[in-house]
Amino acid sequence: MLLAGLGPAQADTLPHPLRPVVAPTDTLVQILPCPGIVRAPVGTIIFAGNAVTKDRILRAELDFHEGDTLNLVDLPARLEANRRRLFNLQLFHAVVVQSSCTGSRLLIVFGMQERWYTFPVPILSLADRNLRSWLDRADRWRRVDYGVHLVRSNFRGRNEQLIANLQLGFNRKYELFYEAPGLGHYRRLGLGVGASYFQSHSLDYITLADRLTPFRADDGFPIQRFYVTGGLRFRHTVQFLTALNFSYHREQISDSVNHYNPTYYLGLTQRKYLDLNLISTRNQRNTFAYPLTGRYAQVALTHRIFLDGTTPSITTLHLNYTRYLALGRQFYYSVGLSGQARLTRQLAYADSRAFGYDDLVRGYDQYVIDGRHYALVQQGLSYPLLRPQPIRLQSIDNPKINTIPLALYLNIFADAGYVIAPHSLSQNRLPNQLLSAVGLGLHLVTYYDRVFTAEYTLNGLGQTGYFFRAEFPI
């Protein structure tokens, strides 16, 4: 709902409760006329609806402040850009903005509806990379994890985040992380710290026929990992972030794993190493949940130093760039380019991951492709099939959770990728060859930035299949 009737009595300027929306549009900006005024100073900026979120957190995102002079011709685009910055903090269901003139000065009011910030989520998950991999396992029903995942977003009203994991079952995980993206008056410098301990009764110790081969030990843990991490965040806005992380890792495998694959840790059963990681992200998408326009770029550089004095260090460079375009007539096109290069004299099997983990040529979900370097191109053409009014749950009074937004997009896509693996096993066919796939998908965008996809894919091997994901593909 737009703000209206702004005037000297501020009690009448506050917005009514807002409904959640999936993607913000320019209709959420309203400019009341200022006759005879071309440029005007900002007199007052008001935030309404932020019962938890501190005003200074929101002011730090804006590119103008009280006293700045704004050109009224450019004001609609300027306010929309700042409204999207606030919306993309992902702290609010919706953000609206209205400007008016009080004398010769601008009165600018941002209205927002806050989300629910505490989520204790039960863990009941599959102990595999994806659903297809889990279905291929003969012991699939024993490969289940359970526990609780607790997230406290907007901690202290300062856009900080606490994450805790207590996971039992097939894979055991104990984790605690704290993230403060920006501290201080200008919110430019932040920090992140955390610790993780992981154990599993099974370990995929080698790739044969382009599939992971598991080793299982019911009375022990073939793999145990522990790490602690800390780092600084250099934050210009929510759209431009740089992170510098330092972490210590200790990892151990069983003697049996080392026997069956001596290259897993290059002949070692335990290794310790330090990671120094620099990540810079420029996120200029219209909305972070399901972007339709804008661009995204990220550069990540990691240097790993092993503490045994013999294992060679590894330098990894990962690049990601995605462009989103509105083609007209409600068609939207996206193209994503990503790649990775690893520089080292010798690479352990555990460090040779390429496709099948974070990056994937869709349609090859049942495979993994290991190697040193890779490149990936993904394209998609989307069309909105359904943009109904949000579903209102009459039995729930809390406006933070009683309205469910829904949007459904039809998507046609094509992927292509290539993995360079100088020392690939002869049983693996997919490294060092072009991988391609085309497909048709349905993308459901809903509650709290959740995106669910159902896809039908034909890959370059002539195989077809249905795949389901819980994330935006590009």
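The model is predicted, so local features need pLDDT of at least 70 and side-chain atom pairs count only at pLDDT 80 or more, whereas totals for chains, interfaces and linings use all residues. Residues are numbered from 1 along each chain as its sequence is written, and side-chain values use heavy atoms, with hydrogens and water left out.

**Exercise 1.** Determine whether Tyr333 is buried, partly exposed or exposed, and find the side chain with which its own side chain makes a polar contact.

*Solution.* Begin with the location: Tyr333 is found in strand E18, strands being DSSP runs of at least two residues, numbered from the N terminus. Next, its relative accessible area is 23%, so Tyr333 is partly exposed (buried is under 20%, exposed over 50%, partly exposed in between, with a 1.4 Å probe and protein chains only). Finally, the side chain of Tyr333 makes a polar contact with that of Gln379 at 2.5 Å (a pair of N or O atoms within 3.5 Å, of which one must be able to donate a hydrogen and the other to accept it).

**Exercise 2.** Classify the ring pair formed by Phe47 and Phe110.

*Solution.* The structure holds 15 aromatic pairs (ring centres within 6.5 Å; planes under 30 degrees apart are stacked, over 60 edge-to-face, the rest tilted). For Phe47 and Phe110 the centres are 5.7 Å apart and the planes at 20 degrees, so the pair is stacked. Because Phe47 lies in strand E2 and Phe110 in strand E5, the pair ties together parts that are 63 residues apart in sequence.

Technical notes. Helices (H or I, at least four residues) and strands (E, at least two) are DSSP runs, numbered from the N terminus. Rings of Phe, Tyr and Trp (its six-membered ring) pair if their centres lie within 6.5 Å; planes under 30 degrees apart count as stacked, over 60 as edge-to-face and the rest as tilted.
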